[in-house]
Amino acid sequence: MNTKGEGRIHGSGLEKFFWAGVDVGASTTKAVVIDLEATMRGFHVQRSGVDYAGGSAACLEKALEKAGVSLESLSCVVSTGYGRYNVPMAKRIKTEISCHMKGCYHYFPHAATIVDIGGQDCKVIRVDEKGRRVAFRMNRKCAAGTGAFLEEVALRLGLDISQLDSLARRSTRKVQIGSYCTVFTSTEILTLIRKGEKVEDIVRGLFDSVVQRILEMDPLDGTIVLTGGVVEHNPVLAEALGERLKTNVFIPPHPQLTGAFGAALYGLEEDRAG
Amino acid sequence: MGLGQSSDRREFSATKKLKQVMAQHFQELDQAVKRGSPKVAWCTSVGPAELLRAMGFLVYFPENHGAVLGASRKAMDYIPVANALGYSPDICSYLTSDVGAYLRRETPLVQTYGISGVPKPDVLVYNTNQCRDVQDWFHFYGREFKVPVIGITSPRGVEEVTEAHVKDVARQMEGLVPTLEQVSGTKLDMDRLRHVVGLSRRCSDLWKEVLETASAVPSPWTFFDHTIHMGPAVVARGTQEAVDYYEILLKELQERVKNGVAAVEEERHRLYWEGMPIWGKLRDLANLFMRLHSCIVASTYCNSWIFTDFDPDDPFHSMAKAYTNIFICHAEGWKEDYIERIVNQFQIDGILFHDAKTCPNNSNSRYSMPQRLQKRLGIPCLVIHGDLNDLRCYSEEQAVTNIEAFVEQLEEN
Ligand code: SF4
């Protein structure tokens with residue numbers, strides 16, 4: 001691919017005109033490649049595993065392959081996520097809090113409250129109409145309200161994590177799950193099973209409890225945008241949150257990639273700023 | 001980059017003297033225990049140490065030992081020992097570290113100061129101005145050593161310290177005297193008390209002055225330095241040594257300010273630390289803030305040893321006032337006004353609240369203060385969850401991500 005040539009066509013004056021973001025999360029690593037118009041050209045998601053450096057390189061390589069872009073035509077790689085310091089190709093490092101904000105604001109350019117539910121933590125970020133962060137908060141130490149929590153409970157219920165969304169949608173009855181703590185929740189679930197509650201109602205109760213945990217972090221007003229891997233695979237969560245708040249909850253395209261996309265946007269913006 | 005690297009903190013020449021003052025403090029206590037004289041009193045860190053000194057006691061502060069256990073990370077070996085005895089992981093981790101160390105018959109003081117162990121008390125004297133935990137903590141040792149435990153119950157959560165509060169506390173302090181006379185075998189000499197209160201006032205004024213040098217831009221030192229150099233203000237106030245020490249330190253700081261020496265290279269952000277230090281992570285955090293070009297210039301914690309109410313002409317009343325007028329005894333409104341003053345005085349851009357799991361008393365983020373202050377002062381506030389000593393309550397990953405994101409926010413806005 002003649003990257004230089006295309007660069008001239010775009011008239012950007014930039015020799016390299018693709019940008020990548022790599023988000024090394026607690027469970028999965030995401031890589032996104034964008035072009036000068038901030039269009040996503042390619043992406044890849046894989047498990048983070050134990051070798052963050054090797055994993056992030058492989059993940060980026062796959063995303064580049066899908067985008068049909070060579071490593072040399074990347075102007076800048078920005079890393080984010082728990083493993084952000086372990087991405088050897090990264091020229092810049094940004095926290096996932098900033099990257100989720102940046103990625104969401106791109107799609108919803110107005111004041112918003114962003115909720116990111118990741119594998120290991122949950123964040124609430126408030127952005128003003130200019131895309132400036134006003135405040136942010138992360139969940140406390142407990143896993144309740146995160147992807148890890150759902151995984152743990154699915155395991156207890158003998159379910160595959162991929163079944164949760166469709167099961168929850170079949171629920172006809174509300175059951176309440178109230179504990180903060182994953183271990184206590186598992187005990188609560190045993191009680192529910194003993195009581196004869198249906199598995200789909202229990203699963204829906206789980207999503208409602210995730211919503212409850214989020215509402216304990218922040219009152220969530222204004223435009224709500226939900227991101228992260230959990231909502232990507234369980235869109236029912238957005239519905240549960242919307243029902244609870246009696247409002248629409250927005251989800252950007254590929255919510256699991258928002259962090260990596262935001263990271264790439266940082267690179268692009270910096271180059272544009274010169 | 002990041003954690004675990006050696007500290008790039010600029011050392012102070014005064015540190016040598018600091019070590020001497022601290023060593024002398026512990027060695028004198030050690031010798032007193034060996035000789036049986038003078039008597040040793042254990043005292044809470046914001047307790048009536050002046051009265052004890054004036055009555056001839058050498059004074060030992062268990063909270064200081066708690067901090068030593070935290071900073072050396074030994075606390076993590078000892079807290080579970082106390083937990084197993086029924087001292088919950090939810091109560092003060094100074095208490096649980098200290099009690100655990102006692103049960104194991106270990107202390108880092110032996111190695112650091114060459115002493116034989118924690119000096120045994122002849123009497124324990126507490127003040128509940130900070131919390132109730134200290135009372136239960138001291139009673140543990142009262143039972144162990146079979147010595148008297150006496151104390152003062154202070155008002156808490158007050159909007160304003162009134163004359164009635166002060167009179168009550170002063171009366172309680174006077175009420176300690178007969179027991180103390182009995183244990184020490186000496187009568188209280190009011191002139192000596194005035195002298196000691198005068199020395200404490202001088203120490204406190206100097207401590208205030210050294211802390212205020214951080215209002216210079218760039219700041220010559222950071223919160224992490226403060227936590228090291230506060231030792232004499234805690235354990236040796238009321239002595240000439242503490243006064244001498246802060247005079248030396250003040251000169252060095254003034255020199256740094258004059259020469260524009262920055263504690264944090266290219267200081268870009270000036271922050272306030274609200275709450276207890278995370279003792280076992282001071283070095284890592286100091287390096288993190290250094291890397292982020294952010295200087296923590298002031299803190300509630302280190303300011304807590306400023307007692308401007310001490311008055312040698314009116315010792316009991318002024319001690320009562322000084323020890324009741326501390327930050328921790330006040331209601332939210334008073335605390336917010338206080339923080340606002342400091343934010344303005346030190347040109348602070350953001351506030352970090354440390355919510356210490358085992359010390360609700362020093363965790364001021366729990367009644368929505370960060371939200372109120374953020375609105376009122378127009379600067380961002382961040383809450384970090386952790387603990388003073390119990391690192392089981394601290395997630396380094398989360399804390400670092402939060403702090404980095406906070407600095408990114410300061411940079412972008
Ligand atoms: S104020 Fe907090 S740290 Fe100090 S003794 Fe009380 S509970 Fe412990």
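User: What should I know about the model and its numbering before I start?

Analyst: The model is predicted, and local features need pLDDT of at least 70, while side-chain atom pairs count only at pLDDT 80 or more. Residues are numbered from 1 along each chain as its sequence is written, and chains are lettered from A in the order in which they are written.

User: How many disulfides are there over all chains?

Analyst: In general, a disulfide is a covalent bond between the sulfur atoms of two cysteines. Here the criterion is a pair of cysteine sulfur atoms within 2.5 Å, and the count over all chains is zero.

User: Is A:Cys76 buried or exposed?

Analyst: Buried means under 20% relative accessible area, exposed over 50%, and partly exposed in between (1.4 Å probe, protein chains only). A:Cys76 is buried at 4%, and B:Cys381 is buried at 11%.

User: What is the strand order in the open sheet of chain A?

Analyst: Strands of a sheet pair through backbone hydrogen bonds, either parallel or antiparallel. Strands are DSSP runs of E, at least two residues, numbered from the N terminus, and two strands pair if DSSP finds at least two bridges between them. In chain A, five strands form an open sheet in the order β3-β2-β1-β4-β5, with mixed pairing. Strands β3 (40-47) and β5 (92-93) of chain A each have a single partner strand, so one side of each is left without a neighbour in the sheet.

User: Which residue in β5(A) is the bridge partner of A:Ser79?

Analyst: That partner is A:Ile93. Strands β4 (residues 74-80) and β5 of chain A run parallel, joined by two bridges.

Technical notes: Heavy atoms only, no water. Helix = DSSP H or I, 4+ residues; strand = E, 2+ residues; numbered from the N terminus.
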